[in-house]
Amino acid sequence: MIVPFFNYKARYAEDKEKIKELVYQVGTSDQFILKEYVAELEEKICAFTGAKHAIATSNGTSALTIILKAMGVGPGVDVLTPAFSFISTASAIALLGGRPVFVDVDPITGMMDPVDLESKITPLSRVVIPTHLFSVMADMTAINEVAKRHDLLVLEDSAVALGARMNDTMAGILGDAGLYSFFPAKPLGGIGDGAMIVTNDPELARLCRMLRNHGQDGITRFLHHHIGYNHRMDETVAAYLIYKLGRFSQLLERRAQIGNSYNEAFKGLLPHLQIVDDTSYDRVYYTYVLQAERRDDLRVFLSEKGIETQIYYPRALPLQPAFAYLGHKEGDFPNAERITKRALALPLYAEMPDEHVEYVKHAVITAMAVSTYV
Ligand SMILES: Cc1ncc(COP(=O)(O)O)c(C=O)c1O
């Protein structure tokens with residue numbers, strides 16, 4: 001059996017006719033960018049998440065950039081960001097001229113460690129970016145507490161966590177601002193790049209909205225209040241996302257079903273295999289990442305059984321060549337570095353057939369049982 005990590009064809013199969021219709025309709029109109037579909041998607045995301053303001057952007061990285069800029073990040077400003085994450089959080093800070101101050105993560109969850117966070121705060125710190133990854137959420141209660149004590153703004157990188165909920169509040173609005181990415185592989189994946197900024201702060205929202213479109217206020221064209229960006233969303237992307245949002249809850253349920261069934265199957269496999277089995281918040285399963293003592297051997301074993309896996313992420317951010325100028329060295333972020341050697345992502349997507357899920361579970365359990373492996 002061949003079990004792909006992901007299957008875009010299956011993902012878009014049932015939407016084929018709708019996509020044709022929407023692309024044709026927008027493509028033959030004179031309404032291409034930031035028009036009615038974008039406005040409707042912003043309203044729908046507010047309704048879905050409970051956010052007071054939503055601002056659609058061209059992608060998650062541009063959303064991060066806009067929020068950071070609106071929060072005043074630039075030269076002379078430090079931003080606290082996880083050492084284990086996708087690069088766009090840290091690169092957005094650096095491209096604005098700010099300094100990414102890396103924070104180590106919890107050894108089990110891989111999310112920002114609130115204790116290390118507090119120890120890394122400098123007099124120049126203005127913003128902290130807790131990131132939710134895979135299906136796991138950062139400890140927002142503890143991080144918000146630290147942020148409050150030190151007068152920091154909280155930018156929640158909820159790019160992959162649309163629909164997750166902690167303490168009765170949706171991921172994205174647990175801090176001062178958040179964002180959701182609609183990159184095709186994401187839980188609410190679009191037919192191109194796209195993202196949404198969310199916040200309950202009207203002033204921050206107003207600023208983000210202007211920065212998205214060259215600093216204009218949406219009333220007077222060519223009057224630029226700020227130096228902003230072209231980080232706008234296309235109407236085709238918005239039109240499809242509105243349609244897909246209609247069955248998003250079903251898609252999340254299927255993801256959770258697969259995630260829970262992996263959790264159930266793997267929780268007895270400690271210490272060779274580590275999972276995050278936390279049910280204290282509503283998780284959105286974007287990908288399923290476990291930690292294995294002999295990760296590379298497990299990966300080969302699964303590959304020989306026809307199962308495709310991925311490594312999220314193979315190198316801690318402070319040790320990336322791109323951040324060499326910050327002068328970090330191996331051992332500075334022990335938990336993040338350890339996870340990069342142990343993390344393995346298994347296939348998980350809403351359209352994944354049950355037989356594939358069962359096959360993956362069986363293969364992982366077999367790997368742990370065979371003497372050549374353990
Ligand atoms: C945690 C996280 N933040 C931000 C992003 C950036 O989103 P985008 O790809 O839409 O720029 C990603 C994308 O993978 C991500 O995983």
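Colleague: How do you know that domain 1 and domain 2 are in polar contact?

Modeller: The model is predicted. Across the interface of the two domains, 14 residue pairs pass the rule, both partners at pLDDT 80 or more. The rule asks for N or O atoms within 3.5 Å, so each pair counts as a polar contact.

Colleague: Which elements build the side of domain 1 that touches domain 2?

Modeller: α1 (8-13), α5 (88-95), β3 (99-103), β6 (165-166) and α9 (235-245) each supply at least two residues. β3 gives the most, with four residues.

Colleague: What makes up that side of domain 1 by class?

Modeller: It has 28 nonpolar, six polar and eight charged residues.

Colleague: Why is the pair Asp282 and Arg165 called a salt bridge?

Modeller: Their side chains meet at 3.8 Å, N to O. The cut-off is 4 Å between an Arg nitrogen and an Asp carboxyl oxygen, so the pair qualifies.

Colleague: How many salt bridges are counted between domain 1 and domain 2?

Modeller: The count is one.

Colleague: Where does the domain assignment put the two domains?

Modeller: Domain 1 is 8-245 and domain 2 is 248-369. The contact takes 42 residues from domain 1 and 33 residues from domain 2. To be in contact, heavy atoms must lie within 4.5 Å.

Colleague: What separates their centres?

Modeller: 24 Å, taken over C-alpha atoms.

Colleague: What area do domain 1 and domain 2 bury between them?

Modeller: About 3,400 Å², with 67% of it on carbon and sulfur atoms. That figure is summed over both domains, because buried area is the accessible area the two parts lose on being put together.

Conventions
Residues are numbered from 1 along each chain as its sequence is written. This is a predicted model: local features need pLDDT of at least 70, side-chain atom pairs count only at pLDDT 80 or more; totals for chains, interfaces and linings use all residues. Side-chain values use heavy atoms; hydrogens and water are left out. Domain bounds come from an automatic or database domain assignment. Buried area is the accessible area (1.4 Å probe) that two parts lose on being put together, summed over both. A polar contact is a pair of N or O atoms within 3.5 Å; within protein, one must be able to donate a hydrogen and the other to accept it, and residues adjacent in sequence count only if both atoms are side-chain atoms. Ala, Val, Leu, Ile, Met, Phe, Trp, Tyr, Cys and Pro count as nonpolar, Asp, Glu, Lys and Arg as charged, and the others, Gly among them, as polar.
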